[in-house]
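Please keep the model open while going through the numbered points.

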Amino acid sequence: MHIAVIGTGYVGLVSGAGLADFGMMVTCVDIDENKIKRLKKGEIPFYEPGLDILVIKNIKAGRLEFTTDLAKAVKNSLVIFICVGTPSLSDGSADLSQIKEVALSLAEVLDEYKVIVTKSTVPVGTNRWIKQLIDNNKKTDAAVDVISNPEFLREGNAVEDFMHPDRVIIGGESAYAIAIIKDIYRPLYLAETPFIITNLETAELIKYASNAFLATKISFINEIANFCEKVGADVTLVAKGMGLDPRIGAKFLNPGPGFGGSCFPKDVKALIKQGRQLSSPFKILEAVIDINDRQKIRAVEKLESFLGDLKNKIIAVLGLSFKPNTSDVRESPALTLIPVLIQKGAKVKAFDPVAMEEFKRTVGNITVDYARSPEEAVKGADAMVILTEWNEFRFLELPKIKNLMKNPLLIDMRNIYEPEIVKKLGFSYAGIGRS
Ligand SMILES: NC(=O)c1ccc[n+]([C@@H]2O[C@H](COP(=O)([O-])OP(=O)(O)OC[C@H]3O[C@@H](n4cnc5c(N)ncnc54)[C@H](O)[C@@H]3O)[C@@H](O)[C@H]2O)c1
């Protein structure tokens with residue numbers, strides 16, 4: 001089976017390499033020439049554990065190749081996976097311009113039956129619109145079937161998630177196209193991964209509802225954490241006590257500096273927008289976004305409560321990616337927090353194990369002093385803020401860190417340290433939801 005994967009970002013590259021590993025002949029397409037040049041040499045353009053091994057293995061096996069030539073890739077393939085970006089527009093709705101461009105390019109080159117599979121996260125109704133766009137613009141009478149096959153991989157664990165997903169969602173109307181996609185995923189079917197076969201709209205909404213629910217869980221526990229601080233409760237034990245109820249579950253009950261990443265914020269906003277358009281408002285999700293926006297600058301309140309005015313204070317920020325094990329900084333709490341600190345006159349020294357280059361590229365010329373290690377970041381600092389729970393921040397040599405700092409203050413936005421232990425070492429400490 002020959003497959004084209006259009007868009008070679010986190011989802012496209014992992015899916016392309018994963019499908020090649022299932023035994024398919026995969027051509028990955030991107031408009032970014034530099035990315036394709038690097039991929040041809042087996043270089044991965046972003047940090048994702050284990051992906052380099054999978055890509056190189058499948059290039060060597062002759063099952064995975066890369067090109068900027070969409071027409072050629074499509075011509076040779078029965079199934080085309082669309083994996084391009086669907087970022088937020090300023091009004092919160094999903095920007096479908098990359099999807100539209102791909103659909104029109106497909107219409108241009110379509111010469112025989114193809115199955116078009118949308119893996120990108122797209123608002124309900126988009127797959128029908130894609131089919132219409134292709135049908136209205138195609139140059140031949142070749143037929144297309146459209147399938148919605150949303151992706152649930154998590155950055156930082158993407159390879160494992162693609163190879164062993166919790167579920168595979170296939171939405172479509174053509175039994176023939178659905179059978180083809182089921183066949184592609186046969187290794188997962190044989191491994192008893194649950195498959196849900198449904199219509200296009202249901203498949204599209206499963207993705208949004210899943211992300212919206214997870215984001216709600218995070219904002220919920222963040223509000224509980226903030227309340228804990230007022231009443232003297234400990235959120236880590238509240239979450240543990242709640243999570244032992246199987247109806248609630250322990251996952252995604254970790255308070256922190258707010259959710260970020262390329263999915264939760266944009267997907268929740270897109271669902272809110274579509275709900276409003278259809279007079280079916282998502283009041284709960286509007287609150288989820290509000291809470292999250294406030295949570296991203298909670299570290300400022302905590303810093304000010306210890307240090308007063310932040311003018312000329314040196315703040316070490318550890319962690320720039322939105323979560324560990326990724327170089328992705330899209331919507332990361334650091335992107336919101338650091339400009340606020342600078343606006344208040346603070347000097348920011350930052351360190352991240354892999355995301356500093358990406359962060360620099362994203363923020364442009366704001367003045368941040370990038371350090372080569374946590375120790376270099378905290379040297380002379382008035383406070384250290386932990387924003388991302390990278391493993392290397394869990395085992396800092398705190399006595400050494402204390403000696404390097406001007407003022408030993410730890411703002412632990414991920415609750416990775418035990419307050420009593422840290423205080424015994426002579427630090428002032430504030431976590432989240434631990435009064
Ligand atoms: N990143 C995740 O963790 C994740 C998880 C599940 C679903 N998703 C969804 O998957 C989609 C892709 O996300 P991503 O993080 O991989 O995006 P990304 O920005 O990392 O990658 C998108 C790629 O598409 C390429 N592209 C854009 N227009 C193109 C065109 N016309 N032809 C060929 N290539 C083109 C870009 O150059 C880029 O390399 C989004 O809808 C996202 O919501 C993402």
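1. Helices (H or I, at least four residues) and strands (E, at least two) are DSSP runs, numbered from the N terminus. Residues are numbered from 1 along each chain as its sequence is written. The model is predicted: local features need pLDDT of at least 70, side-chain atom pairs count only at pLDDT 80 or more, and totals for chains, interfaces and linings use all residues.

2. Glu 331, in the loop between strand 9 and helix 15, has a positive phi of about 55 degrees although it is not a glycine. A residue is called buried if 20 or more other C-beta atoms lie within 10 Å of its own, exposed if 12 or fewer, and partly exposed in between, with C-beta atoms placed from the backbone. Glu 331 is buried, as 20 other C-beta atoms lie within 10 Å. Phe 252, located in the loop between helix 11 (235-243) and helix 12 (264-277), also is not a glycine and has a positive phi, of about 65 degrees. Phe 252 is partly exposed, because 16 other C-beta atoms lie within 10 Å.

3. Six strands form an open sheet in the order 11-10-9-12-13-14, with parallel pairing. Its edge strands, strand 11 (368-370) and strand 14 (428-430), each pair on one side only. From one strand to the next, the twist averages 20 degrees. Two strands are said to pair if DSSP finds at least two bridges between them. Strands of a sheet pair through backbone hydrogen bonds, either parallel or antiparallel.

4. Strand 9 (residues 314-318) and strand 12 (residues 383-386) are joined in the parallel sense over four bridges, and Ile 315 stands opposite Ala 383 in strand 12. Strand 12 and strand 13 pair in the parallel sense over three bridges, with Ile 386 opposite Asp 412 in strand 13. Strand 13 and strand 14 likewise pair in the parallel sense over three bridges, and here Leu 409 faces Ser 428 in strand 14.

5. Which residues of strand 13 (residues 409-412) point one way, and which the other way? Leu 409 and Ile 411 point one way, Leu 410 and Asp 412 the other, and all are buried. In a regular strand the side chains alternate between the two faces of the sheet.

6. Helix 15 (residues 333-343) lies across strand 9, strand 10 (347-351) and strand 11, and runs at about 155 degrees to strand 10. Such angles are taken from 0 to 180 degrees between N-to-C directions, and the axes are lines fitted to C-alpha atoms, for helices over the stretch in contact. Two residues are in contact if their C-beta atoms, placed from the backbone, lie within 7 Å.

7. Strand 1 is largely enclosed by the rest of the structure, because four of its five residues are buried. Five bridges join strand 1 to strand 2 (residues 25-29), and the two run parallel. The bridge partner of His 2 in strand 2 is Met 25. Leaving aside neighbours within four places in sequence, the contacts of Ile 6 include Val 29, Leu 70, Ile 80 and Val 102.

8. A nonpolar core is a set of buried Ala, Val, Leu, Ile, Met, Phe, Trp, Tyr and Cys residues joined through C-beta atoms within 7 Å. The largest such core has 122 residues, of which Ile 6, Ile 315 and Val 385 touch the most other members. Helix 10 (residues 200-231) contributes the largest share of this core, nine residues.

9. In helix 5, the buried residues are Ile 99, Val 102, Ala 103 and Leu 106. Seen down the axis of helix 5, they fall within an arc of 100 degrees, so they line one face of the helix. The arc is that of the directions from the helix axis to the C-beta atoms. These buried residues pack against elements including strand 1 (2-6), helix 4 (70-75) and helix 6 (126-137).

10. Helix 8 (residues 175-184) has Ala 177, Ile 178, Ile 181 and Ile 184 as its buried residues. Seen down the axis of helix 8, these residues fall within an arc of 115 degrees, so they line one face of the helix. On the other side of helix 8, Ala 175, Tyr 176 and Asp 183 are exposed.
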